[in-house]
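Biologist: Let us go through this structure together. I will ask, and you answer from the atoms.

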2 protein chains.
Amino acid sequence: MPWDTNHKHKSRQRILEAAAQLFVVRGFDGVGIDDVMQQANMTRGAFYSHFKSKSELYHEAIPVAGFIAKEQLEAGCSNSFNVLKHNYLNQHKGDDDTQLCPIALLISDIRHRDPAIRETYEKVFAGFVEYINSHVNERSAALAQAATMIGAVALAQTLTDESLKAELLAACEAATGCEQD
Amino acid sequence: MPWDTNHKHKSRQRILEAAAQLFVVRGFDGVGIDDVMQQANMTRGAFYSHFKSKSELYHEAIPVAGFIAKEQLEAGCSNSFNVLKHNYLNQHKGDDDTQLCPIALLISDIRHRDPAIRETYEKVFAGFVEYINSHVNERSAALAQAATMIGAVALAQTLTDESLKAELLAACEAATGCEQD
DNA sequence: GTCTATAATCGGATAGAC
DNA sequence: GTCTATCCGATTATAGAC
């Protein structure tokens with residue numbers, strides 16, 4: 001690969017990773033091109049030689065965010081499914097550079113975006129359900145557990161009362177727990 | 001009450017109800033003062049004799065939206081708790097003028113707002129949990145059911161695949177079902 | 001209290017130099 | 001490819017007439 005092509009690819013990747021992190025934390029409207037490019041160590045003008053629009057960036061950032069979140073979740077624990085669920089529910093306690101779950105954090109952001117974006121989000125969600133299903137071996141239970149865990153994480157992000165937050169997460173862990181590993 | 005005071009009160013109420021509906025459907029950033037005032041049959045200039053800012057309006061609109069949603073939910077069904085849960089999960093199928101649940105639809109919008117707004121949202125959520133708790137009589141189960149139902153409705157709003165949406169809602173209904181009425 | 005008109009700002013997107 | 005500078009539309013908020 002020629003040097004400048006490689007350079008372009010790396011720049012694009014930096015933009016994408018910055019976007020994945022920022023969009024998940026602040027939502028589509030909370031992030032400007034400036035913010036993303038600053039975090040990627042470039043200026044706004046350079047953005048448009050990599051992406052057509054902010055929408056396109058968001059579209060591509062969602063699976064990147066999903067991939068990074070899954071990687072970090074699996075790195076932080078053993079192979080036990082119950083431990084994994086516990087870590088998922090407590091993801092907000094992780095390091096500052098932890099990539100939170102885009103399914104939960106963008107859940108009411110996605111509805112306002114265009115159909116292509118929604119379909120991409122839907123695929124990430126479907127992968128999440130499949131992952132649970134591979135452990136519980138019952139699709140209906142997997143769907144309900146997915147809703148519970150995603151709902152719990154999304155709600156936890158809204159709550160200011162720490163004891164209520166802890167109570168909610170513990171309740172959801174208990175309600176979805178006790179599969180064999 | 002003097003006529004003009006009553007008139008002011010009615011105008012304020014119209015603004016509040018328009019805001020409750022629009023914010024829940026489109027989120028904070030998706031709604032302009034213009035949109036709200038147009039739906040309330042006024043123009044933008046009049047807004048600021050009723051509210052200090054868009055943020056203040058949003059703050060006040062959340063409990064209004066919660067109240068209207070609860071009213072409509074209870075009107076549409078018998079006293080059975082299982083029927084109520086079914087109707088909650090299928091609220092998107094209601095009339096066009098149905099007020100959807102602000103807890104579910106604003107779930108990832110709230111995090112970006114100021115603390116006063118988050119606390120108000122939290123109180124509406126706490127009321128939701130209390131309501132469930134009065135039927136299941138076990139707080140941990142009530143919290144988990146709340147997360148499942150809210151998560152399910154929020155997810156359903158994101159999905160474009162109708163069969164996946166139906167499958168998800170049915171799974172969550174089954175998982176939270178079977179309390180005595 | 002409600003209107004029209006306007007100020008002020010912010011952010012997405014483009015142009016052109018290097 | 002990346003930069004600086006700029007355009008442009010949208011939107012919050014205010015001013016002043018009625």
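Biologist: In which helix is the place of B:Thr176?
Modeller: Keep in mind that this is a predicted model. Chain B has a helix that covers residues 162-176. B:Thr176 has its place in that helix, α9.

Biologist: Is B:Thr176 buried or exposed?
Modeller: Buried means under 20% relative accessible area. B:Thr176 has 3% relative accessibility, so the residue counts as buried.

Biologist: Through which surface do the copies meet?
Modeller: Look at the interface residues of chain A. In chain B, 100% of them are also interface residues. So the copies meet through the same surface.

Biologist: Which residues touch the most other members of the largest nonpolar core?
Modeller: In soluble globular proteins, nonpolar side chains tend to be buried together. The largest nonpolar core here has 125 residues. B:Phe125 is in contact with residues of chain A, including A:Leu155 and A:Leu159, and with residues of chain B, including B:Ile103. The residues that touch the most other members are A:Phe125, A:Ile150, B:Phe125 and B:Ile150.

Biologist: Now the DNA. Which residues are closest to DNA strand D?
Modeller: There are 17 residues around DNA strand D. By class, five are nonpolar, eight polar and four charged. The closest are A:Lys8, A:Ser11, A:Thr43, A:His50 and B:Tyr48.

Biologist: How far is a polar side-chain atom of A:His50 from a phosphate oxygen of DNA strand D?
Modeller: Of the atoms of DNA strand D within 4 Å of the protein, 69% belong to sugar or phosphate. For A:His50, the distance is 2.5 Å.

Biologist: Which residue has a side-chain N or O atom 3.3 Å from a base oxygen of DNA strand C?
Modeller: Of the atoms of DNA strand C within 4 Å of the protein, 61% belong to sugar or phosphate and the rest to bases. A:Lys54 has a polar side-chain atom 2.7 Å from a phosphate oxygen. A:Arg44 has one 3.0 Å from a base nitrogen. The residue at 3.3 Å from a base oxygen is B:Arg44.

Biologist: Which elements give two or more residues to the surface near DNA strand C?
Modeller: Both chains take part. Chain A gives α3. Chain B gives α1 (3-26) and α3 (44-47).

Biologist: What is the phi of A:Asn137?
Modeller: A:Asn137 lies in the loop between α7 (115-136) and α8 (139-158) of chain A. At 64% relative accessibility, A:Asn137 counts as exposed. The residue is not a glycine, although its phi is positive, at about 55 degrees.

How values were computed: Residues numbered from 1 in each chain as written. Chains lettered and ligands numbered in written order. Predicted model: local features only at pLDDT ≥ 70, side-chain atom pairs only at ≥ 80, totals over all residues. Heavy atoms only, no water. Contact = heavy atoms within 4.5 Å. Near = heavy atom within 4 Å. Polar contact = N/O pair within 3.5 Å; in protein donor to acceptor, adjacent residues only side chain to side chain. Nonpolar A, V, L, I, M, F, W, Y, C, P; charged D, E, K, R; others polar. Core = buried A, V, L, I, M, F, W, Y, C linked by side-chain atoms within 4.5 Å. Buried < 20%, exposed > 50% of the residue type's maximum accessible area, 1.4 Å probe, protein only. Helix = DSSP H or I, 4+ residues; strand = E, 2+ residues; numbered from the N terminus. Lists of a residue's contacts leave out its neighbours within four places in sequence.
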